[in-house]
Amino acid sequence: MVYRGTIMALALATALALTMGDAKAQDKRYPNWKGEWTTVIPRLPGQQLRFDPNKPYGKGQQAPLTEEYQKIYQANLAEQAEGGQGLFLDHASCLPAGMPTMMSAGTHEFIVTPETTYIAGSDLRRIFTDGRPWPTDLEPTYQGFSMGRWIDEDGDGVYDVLEVETRGPFKGPRTYDATGLPLHFDNDSTFKERIFLDKDNILHDVITVVDRALTQPWTVDKTYRRGGSKYPNWSRTSCLEGTGYVTIGKEFYLVGADGS
C-alpha cells in the first residue's frame, strides 16, 4: 500500500535497536508468522468483503443488531437501492476502512517484535505488548488503540497465541461491509482477538465485537493462508488510484469511462 515503505522502515529500525544476543534469545520465544498472508474467503454468494467469512454477504451475515440499528440498516439499504452508497460512503470515497473491516480482505503482513506487533494490510495496526497502561487521552483513529499479550498455551517455550484488545474512540461512521452494515454511531466499540496458527499452517483471527448497536457480542473466525513466495511483491497502490468514485459533501458521483 501507499505506506508500505514507511512500515518496513519502522520495522527495520525496531529490529536494529536490539542487540544481536538479545534478538536471538527473544526470537526463540515468538512464533514464525513471517510472509504474506492472504484472507481465506469461502465461495459463498455475494461480494468478498464479509465480516463473517463463513456466512453470505449482507443480510446473510445475520448480525445481532438492535431494533434501532436494524431500522438504520434497512434505511441504508433503501438508499443504496436508489443508487447511493448509504453508510458506506466514506470508504467508497477511499477513507480508511478501520476496525474491524481492515481485517476482512486482502493480504496482511505480521511483523513481530518483543514490544510491538505490526499488522500491515490496507492500513497499519500497532499492537503493543510491552505492558504499558491504557492511555487516557486518545484521539479518534480508524484503527483504534490495541494492547496485547502473548500466551504459551502448550508450555513448550514458544508463544502460541496473541490475545488483543482494541478500544476507541474511533473515527466513523464505520461499517462491516459495503452494504453499510453499521457499528454504533458513538464510535466506542471494543474488539477482542485471539490470533494463532493452527496445525495446517492457517492463521486464525477470532474477533469478538462488543458494540452498543448489537444485542450481544458478535464473534467470527477470520483465517489467512501463507503465500509460498520467498520474496512477496507487496502492493504499493492506493485506494485513490484509478477510483471512479467522487464525493462532494454527501453527494456521490461515478465518473464514466470518458471522464464525464
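Visitor: Why is R167 called partly exposed?

Guide: R167 has a relative accessible area of 32%. Buried means under 20% relative accessible area, exposed over 50%, and partly exposed in between, with a 1.4 Å probe and protein chains only, so R167 counts as partly exposed. A word on the model: it is predicted, so local features need pLDDT of at least 70 and side-chain atom pairs count only at pLDDT 80 or more, while totals for chains, interfaces and linings use all residues. Residues are numbered from 1 along each chain as its sequence is written, and side-chain values use heavy atoms, leaving out hydrogens and water.

Visitor: What makes R167 and E165 a salt bridge?

Guide: Their closest N and O atoms are 2.8 Å apart. A salt bridge is a side-chain nitrogen of Lys or Arg within 4 Å of a carboxyl oxygen of Asp or Glu, so R167 and E165 form one. By this rule, the count comes to eleven salt bridges.

Visitor: How do you know that D200 and K199 are exposed?

Guide: D200 has a relative accessible area of 53%, and K199 has 79%. Each value is over 50%, so both residues are exposed. Their side chains also meet in a salt bridge, at 3.7 Å from N to O.

Visitor: Which parts does the salt bridge between R149 and E163 tie together?

Guide: The closest N and O atoms of R149 and E163 are 3.2 Å apart. R149 lies in strand β5 (residues 145–151) and E163 in strand β6 (residues 161–167), so the pair ties together parts that are 14 residues apart in sequence. Strands here are DSSP runs of E, at least two residues, numbered from the N terminus.

Technical notes: Helices (H or I, at least four residues) and strands (E, at least two) are DSSP runs, numbered from the N terminus.
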